[in-house]
Amino acid sequence: MPAVTEIDFKTRRERALAGLRPGAIVVFSAPFALRNNDVEHEWRQHSDFHFLTGFDEPESVAVIRSDPEPRYVLFVRPRDPEREVWDGPRAGLEGAVTDFGADEAFPIGELEAKLPGLLENLDTLCYELGAERSHDDVVLAAIESVRRRARRGIGFPHAIVDPTSMLHELRLKKGPEELALMLRAAEITEQGHREVMAKTRPGMFEYEAEAVLRAVFRRNGAERHAYPPIVASGSNSTILHYRKNDRRMLDGDLLLVDAGSEYGYYASDVTRTFPVNGKFSAAQRAVYEVVLAAELDAIAAVRVGATVEDVHHVAVRAVTRGLIDLGVIQGPLDKAIEDERYKPWFMHRTSHWLGMDVHDVGGYHLKGTPRPLETGMVLTVEPGLYFAAGDERVPSELRGIGVRIEDDVAVTDGAANVLTESIPKRIDDVERACAA
């Protein structure tokens, strides 16, 4: 598997600058966020910043010019032995050049003084205006400073363009090194899900299963969870974004685990649903089979030229057919789909983009129409059925059953590549994993 340092960030920057002549991109790192008093929330670099630089420190700014040289300038925290005792080592100015490929590096404290010079003689500035007011003030002041030099024949940016649409298009289609990192994240996630299936027993609390996941992910080199884990047992499995994870699990419950690791700044996103006691009941099995059939059909629909809408429609058709078979709704099938009779129990979409962010960037439509899938795109496929405990519209034996099955799927020139295929999801495989 490639390390993050093996990613060709220089080529990424050149691709981002394509067609931007003369112009520049200015990107700020992610800020710290205080949790309370002087305790900070866990910090993670802004995905766009990391995509272009690989630089994993706060209080930094990247300026990437199309011409002339230097093309790539980093403003970073300088080395500070006293602060590094508290916070750990910094790359400093030398490390920004030697380790991260900057043509020049300056202390972050010099940003306001040096940024105007870096914006001279440019037509276009790519900068995400409005994302952070304090950053806007610095950039707009720099533009105004350059504008005041116009009488001396110095050009200034006449347009500020949001770079996110351009950067997010680059991020949407993954290269081989990115797919390798995503596959490693999937492998770590597999180990976590397998261990949870093997160790979960009636009487445990949901947070004990969550602790198993966290330990496995971290033990295998994942920097963090890609998102807060959902560990939902019994009727909690019918709550889509349940995150309290504090219920004691009972014999006869299902446990829905929606959790994925992040590795090298790339996410995995997996959901598995399994019986706490290791054996599906007849009703649980019936619901599970409907969702599994929908997921397998939807994965088969992932191919070049199809759309996310196409994938969703395939899942909807399978789920609706299953709801008719379960006696929850009435047919005929096409009329039930047209009337959206499935929606009370399958209320979310089937897919979202996956990459550096778990709900990754990139447009789902082009000029108002669903965009065709292309090789290198990665999306989730995640149908589900959720029958709340008090839902009198469904047969009593189905109430309190929630099932979701989710995999990470890469688009290829042929059949879809399911990055998470080895995580048990067929009923016999799930029961064997629970008994392991």
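Student: What does the relative accessibility of E374 come to, and how is the residue classed?
Tutor: In this predicted model, E374 has a relative accessibility of 30% and counts as partly exposed.

Student: Which residue forms a salt bridge with E374?
Tutor: The partner is R371, and the closest N and O atoms of the two residues are 4.0 Å apart.

Student: And R371, is that residue buried or exposed?
Tutor: R371 is buried, at 3% relative accessibility.

Student: How many salt bridges does the structure hold?
Tutor: The structure holds 40 salt bridges. In general, side chains of opposite charge can pair when their charged atoms come close.

Student: Let us take K174. What is its partner in a salt bridge, and how far apart are the atoms?
Tutor: K174 pairs with D360, and 3.2 Å separates the closest N and O atoms.

Student: Are K174 and D360 buried or exposed?
Tutor: K174 is buried, with a relative accessible area of 6%. D360 also counts as buried, at 6% relative accessibility; the cut-off for this class is under 20%.

Student: Which residues are linked with K174 in a network of salt bridges?
Tutor: The network links K174 with E42, R44, D48, R171, R224, E262, D357 and D360.

Student: What about E431; which residue does it form a salt bridge with?
Tutor: E431 forms a salt bridge with R285, the closest N and O atoms being 3.6 Å apart. This pair links distant parts of the chain, as E431 belongs to helix α13 (residues 427-435) and R285 to helix α10 (residues 282-300), 146 residues apart.

Student: How are those two classed by accessibility?
Tutor: E431 counts as buried at 10% relative accessibility, whereas R285 is partly exposed, with a relative accessible area of 30%.

Student: Changing topic to strands: how many residues of β5 are buried?
Tutor: Strand β5 (residues 72-76) is mostly covered, with five of its five residues buried.

Student: Which way do the β5 side chains point?
Tutor: Y72, L74 and V76 point one way, V73 and F75 point the other way, and all are buried.

Student: How does β5 pair with β4?
Tutor: β4 (residues 61-65) and β5 run antiparallel and are joined by four bridges. The bridge partner of V63 is V73 in β5. The two strands form a hairpin, with six residues between them.

Student: And how does β5 run relative to β6?
Tutor: β5 and β6 (residues 104-107) run parallel, again with four bridges. Within this pairing, V76 stands opposite P107 in β6.

Student: One more topic: in what order do β17, β20 and β21 form their sheet?
Tutor: These three strands form an open sheet in the order β17-β20-β21, and the pairing is antiparallel. β17 (378-381) and β21 (417-418) stand at the edges with a single partner strand each, so one side of each has no neighbour in the sheet.

Student: How many bridges join β17 to β20?
Tutor: Four bridges join them, and β20 covers residues 407-410. V381 stands opposite D407 in β20.

Definitions and conventions
Residues numbered from 1 in each chain as written. Predicted model: local features only at pLDDT ≥ 70, side-chain atom pairs only at ≥ 80, totals over all residues. Heavy atoms only, no water. Pairing = 2+ DSSP bridges. Buried < 20%, exposed > 50% of the residue type's maximum accessible area, 1.4 Å probe, protein only. Salt bridge = Lys/Arg side-chain N within 4 Å of Asp/Glu carboxyl O.
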